[in-house]
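Please look over the sequence and the model shown here. The briefing below it is grouped by topic.

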Amino acid sequence: MSKRQLCETCLRPLKTCICKHVRPVSNAASLIILQHPQEVYEAKNSAKLLNLCLKNSQIHVGEVFDDGFFQKTQAENFYDLLLYPDTPEEKSLGILKPPEIDVSQLNSGDNLKIRLWVLDGTWRKSRKMLYLNPAMQSMPRLSLQDCPPSLYTIRKAHSENQLSTLEASCYALQQLEHYSVDYSPVLSAFAAFVAEQHTFLPSSS
Ligand SMILES: [Zn+2]
């Protein structure tokens, strides 16, 4: 059996390589994407494109991250925030109530000290990742406000306001950085990516 050739940068088959869409942007607040393993080879996934566009970003694949991973990253003295909505059913799952956001940290004007964590997976998988990683439960949470409607028309969203990982991360970073960085090149790159994905889908759907 011959393996399909993959692009070394985006790890996709050469035919659907997304590297041509990449538009570099220097985000001020850092971004860490924790990607569920099932998303890695998902053609419609936007996290890798986001990671390739944002200079100040990392992507880590896994469902459970060991304590060492969080200890190592948290030793770096960032103010860590988790991008995650407030969902009422969490209490019954035993997920800890997150601490309040320290507004003085956000308004210090030093965006370089802020780090945003994003879970990349379906709604259900993200919730499981939060459940399985108590270190994430102890991060204050940022939820998005007043976002434009999603460009993400490929995958059925869990709710009307559910955005792709790429969009949600860009809007959250914009809020954290008080709109000092322009994310429109990344959002345009995403629009081009979505349009291209449609050309790979059967026209009847
Ligand atoms: Zn590529």
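Predicted model: local features only at pLDDT ≥ 70, side-chain atom pairs only at ≥ 80, totals over all residues.

Residues are numbered from 1 along each chain as its sequence is written, and side-chain values use heavy atoms, with hydrogens and water left out.

**Overall build**

- The protein contains eight helices and five strands, where helices (H or I, at least four residues) and strands (E, at least two) are DSSP runs numbered from the N terminus.
- Along the sequence these elements follow the order β-α-β-α-β-α-α-β-α-α-β-α-α.
- Of the 205 residues, 46% are buried; buried means under 20% relative accessible area, exposed means over 50%, and partly exposed lies in between (1.4 Å probe, protein chains only).
- Among contacts (heavy atoms within 4.5 Å) with a separation of 6 or more, 79% are between residues 24 or more positions apart.

**Zinc site**

- The zinc ion has four protein donors, the SG atoms of Cys-7, Cys-10, Cys-17 and Cys-19, at 2.3 to 2.4 Å.
- Donors are N, O and S atoms within 2.8 Å of the metal (3.2 Å for Na, K and Ca); water is not among the atoms, so sites may look incomplete.
- The arrangement is tetrahedral because the four donor atoms subtend angles of 104 to 114° around the zinc ion.
- Four donors count as tetrahedral if all angles lie between 85 and 135 degrees.
- For comparison, the ideal angle for four tetrahedral donors is 109.5 degrees.
- The sequence spacing of the donor residues is C-x2-C-x6-C-x1-C.
- Cys-7 and Cys-17 both belong to the segment before β1 (30-35) and are 10 residues apart.
- Cys-7 is buried at 11% relative accessibility, and Cys-17 is buried at 16%.
- Cys-19 is partly exposed, because its relative accessibility is 26%.

**Cysteines and disulfides**

- A disulfide is a pair of cysteine sulfur atoms within 2.5 Å, and by this rule the count is zero.
- Cys-170 is buried, with 0% relative accessibility.

**His-36**

- His-36 sits in the loop between β1 and α1 (47-53).
- At 5% relative accessibility, this histidine, His-36, is buried.
- Leaving aside residues up to four places away in sequence, His-36 touches Gly-62, Glu-63, Asp-120, Gly-121, Lys-125 and Met-129.

**Salt bridges**

- The structure has four salt bridges, each being a side-chain nitrogen of Lys or Arg within 4 Å of a carboxyl oxygen of Asp or Glu.
- One of them joins the side chains of Glu-196 and Lys-20, at 2.9 Å from N to O.
- Glu-196 is in helix α8 (residues 184-200) and Lys-20 is in the segment before β1, so this pair ties together parts that are 176 residues apart in sequence.
- Glu-196 is buried at 16% relative accessibility, whereas Lys-20 is partly exposed at 49%.
- Another salt bridge pairs Glu-63 with Lys-128, at 3.5 Å from N to O.
- Glu-63 is partly exposed at 22% relative accessibility, and Lys-128 is partly exposed at 41%.
- Asp-80 and Arg-115 also form a salt bridge, with their closest N and O atoms 2.7 Å apart.
- Asp-80 lies in strand β3 (residues 79-83) and Arg-115 in strand β4 (residues 114-120), so the bridge ties together parts 35 residues apart in sequence.
- Both Asp-80 and Arg-115 are buried.

**Helix α8**

- Helix α8 has 17 residues and reaches 25 Å from its first C-alpha to its last, close to the expected 24 Å.
- The expected span of a helix is 1.5 Å times one less than its number of residues.
- Buried residues in α8 include Val-186, Leu-187, Phe-190, Phe-193, Val-194 and Glu-196.
- The cover over the buried residues of α8 includes α1 and α7 (165-176).

Methods: Tetrahedral: all angles 85-135°; square planar, octahedral: opposite > 155°, others 65-115°.
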